[in-house]
Amino acid sequence: MAWTKKILRVNLTEGKVSSEPLNMEWAQQYLGQRGLATRYLVDEIDPKCDPLGPENKLIMATGPLTGTMVSTGGRYSVITKSPLTNCVACSNSGGFIGAEMKSAGWDMIIFEGKSPKPVYLYVENETAELVPADDLWGKSVWEADKLIHEKHGDPQLRISCIGRAAEAGCLYSAVINDLHRAAGRSGVGTVMGSKNLKAVAVRGTRGVGNIKDPKRFMEEVSKAKQVLAENEVTGKGLPTYGTQVLMNVINEVGAMPTRNMREVQFEHANQISAEAMAEPRKSDGKPNLTTNAGCFACTIACGRISTIDKTHYSVVNKPEYWGNSGGLEYEAAWALGCDTGVGDLDALTYANFVCNEDGMDPISFGATVAAAMELYDIGAIDSKTTGGIEMKFGSAEALTQAAELTARGEGFGQDLGLGSKRLCEKYGHPDLSMTVKGQEFPAYDPRGIQGMGLTYATSNRGACHLRSYTVASEILGIPEKTDPLATEGKPGLVKAFQDATAAVDSTGCCVFTTFAWTLENFAPQLDAACEGDWTPEKLVEVGERIWNLEREFNLKAGITAADDTLPKRFFTEGANTGPAKGKKSGVKEMMPEYYQLRGWSAEGTINPDTRKRLGLPG
Amino acid sequence: MKITLKLFASLTDYLPEGAVRNAAEVEVPAGASLNAVIDRYRVPRELAHLVLVNGVYAGASEREKSCLKEGDTLAIWPPVAGG
Amino acid sequence: MQKSLHIDPGKCTGCLQCEMACSFENEGVFNPAKSRIKVFTFHEEGRFVPYTCTQCAEAWCLHACPVDAIVINTRTGSKDVIEDLCVGCKVCTIACPFGTVNYSQDTGKVIKCDLCGGDPECAKACPTGAITYIDADATGLDRMRTWAGRTDNAAHVS
């Protein structure tokens, strides 16, 4: 229960939609969302397929708790094969559309094939149809969102949409929902664009029921909400300061990747931090931050709602950017700011708005601009290559121009849309790309936080902080403090975080709950809602199964142990300042222990007994 | 001796006058323990969750010691997280 | 003491916990589409505003109903719809100046807030205190206290 037990299958090639039952045996093994959709993907596509070809599929999946009153129970994920990494992609988003899908009666929507012409999917409860979208193609997410609402005369429609970046083939395009929430990473929006699918618009009025034990469920939900409310981080820190509170923390510990990771501390961090977002600005006396916002069912509400200074050069005479929209989160502020050396809060907010407006992952975009700036700095590219933009570290103008061009796929924006790896290869300096498996790093330097190096190197979707957020332990002391510069014990820590996170990502809830909740808090809520017996132990097993299933997909797609590493810079250049000064990444030393703990061979393949223990398919 | 005191997030309110962007240069007695400095600025100890001296974490036992030198930076946060 | 729902939009984060609590209490499912309380998002302004029936003393809906299907709950003061009597004519939805009585296609009746019989689930579910259930005669007390606190007291200055 809690699942609607129904999948909506959309064949874009033939323009047909159909309903089919959810495989409940798999639901017991893989739960929902990330895990369950990966199980379907593994079953239905060849891992070697062209990610941008019609043989790839794109799955939008909810979890069993999506659409319920469990705190943060509004998440959905987009699962497909990534064009950026050629690995499995799973990008998770909040907002409201996940719950709406569920309320319309669907656990998942599977898109297959490729539409001959631009279309969008319109779902109203049990009915679904593909609608021509020729008039929406070429429009930004914000424009298309407005037009679809108008066309159906329904202000309550929830919409996921791609922007012009995806249409132009930018390899890190996001699927944006509810205007400023994003299934951001690994180019899931690019896949959607390759299928000529512009948007998914959903109206669900059936509601989410099928709760196994409603009375117990409501009791467990209330208890767990209380835990979040009473926790200093989820009850106070995140709602007040958002994720951006990390800006000064990570800078202080010397793990702030700066100027394409040449440096580990950014001198302007305090100008773009959470504290800076709350300071009144000179022009109108208002701060950058207007308010915090919650996604569906979320009692934490870490989201930032911001405005840009109307007098800032980026928006002068552009009133369409004067209103409120999704503001800077830490990762975006880092990539657009520290990594490019830009310390102008309004320029970053503008670039972030553009990322939302046209559907780009701000981490990969910012990191790619940073790589371009290093290429420019060493003379590998010049202003002829960039169409006149002076791509200098620290140039706000270069950043905002780059954002506009990449969002629309124009000029040098075409190069930037390749992502850091392909850009640096194109201009002859592959070592300057700060990526793993083709995906750009997030905001933690692996020299200053050693566990994050292993996190990036082993993440199944390429460099990513959300696959095992050991920062919680290594820096923030949650659940307990470990030494960020030590490598001892980190393989076990990373594995534990990876497995638990894979389970949480499959529930329909947000991983930010885990600053206060453990699997001990998840299990009773799931158990009261879902058929089957859900214990913390079972969730760990489900998480480990998911991790290995993703790994297997990647191995079949051609990934080898040689890909489980970091860029050369982290082995040859020590951190230049701060507590980690002189320190390099210990990833190579940690890897054998990690493989062993995983039950993998020295070549990084899954041992037969591990496969058997977890019941992996095939 | 002079040190730089940095207080962040909700601890911003405890910064002495004249602080700029969460940092202030302050005079503390030589040999003062970290907890003595924390108390001196009335930062509630239970909110002094993340205590860093020059970026390095100081655990509960180190906070009782006098480990500050002239010119050091002491930075303090309440429990925070992000991602 | 009669109580009423009091809404402080400044505290709302738009999470819809109230809508889910309302629909679960009244419909047995988590379904914002069937909630008697609605949260409105004013995106450009960055504002979230919960809105529901304020239980008017001289209720337009009650007076408009041709079959007397809307009655005063003497214990809570709420104006309740008697489902068995409601004929689904929707005249009350026209009469209500605030739009807080709405028709339900599924049942052919109208639905509106009944304060959950005196223990409103929306207020209990709200994580930020944006919706509270307080003394109907003193909904301004907190705001008065806040402003009172800011009032200069010359005697103390000197």
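A salt bridge here means a side-chain nitrogen of Lys or Arg within 4 Å of a carboxyl oxygen of Asp or Glu. I kept that in mind while going through this predicted model.

**Chain B against chain A**

I started with the salt bridges and found 2 across the interface of chain B and chain A. I looked one of them up: the side chains of Glu252(A) and Lys6(B) meet at 3.0 Å, N to O. On the chain B side, strands E3 (50–53), E4 (56–57) and E5 (73–77) each bring at least two residues. E5(B) has the largest share, 3 residues. By class I got 12 nonpolar, 9 polar and 2 charged residues for that side.

Next came the extent of the contact: 23 residues from chain B and 30 residues from chain A. I have the buried area down as about 2100 Å², with 64% from carbon and sulfur atoms. Arg21(B), Ala81(B) and Gly83(B) supply 32% of what chain B buries against chain A, more than any other three residues.

**Chain C against chain A**

Here I counted 22 residues of chain C in contact with 38 residues of chain A. The buried area is about 2100 Å², 60% of it from carbon and sulfur atoms. Gln17(C), Phe30(C) and His43(C) lose the most area on the chain C side, together 29% of what that side buries.

How many salt bridges are there between chain C and chain A? I got 0. Polar contacts do turn up, in 11 residue pairs with both at pLDDT 80 or more. Helix H1 (residues 17–27) of chain C gives the most to its side, with 4 residues. I sorted that side into 12 nonpolar, 6 polar and 4 charged residues.

Methods. Residues numbered from 1 in each chain as written. Chains lettered and ligands numbered in written order. Predicted model: local features only at pLDDT ≥ 70, side-chain atom pairs only at ≥ 80, totals over all residues. Heavy atoms only, no water. Contact = heavy atoms within 4.5 Å. Buried area = accessible area lost by both parts, 1.4 Å probe. Polar contact = N/O pair within 3.5 Å; in protein donor to acceptor, adjacent residues only side chain to side chain. Nonpolar A, V, L, I, M, F, W, Y, C, P; charged D, E, K, R; others polar.
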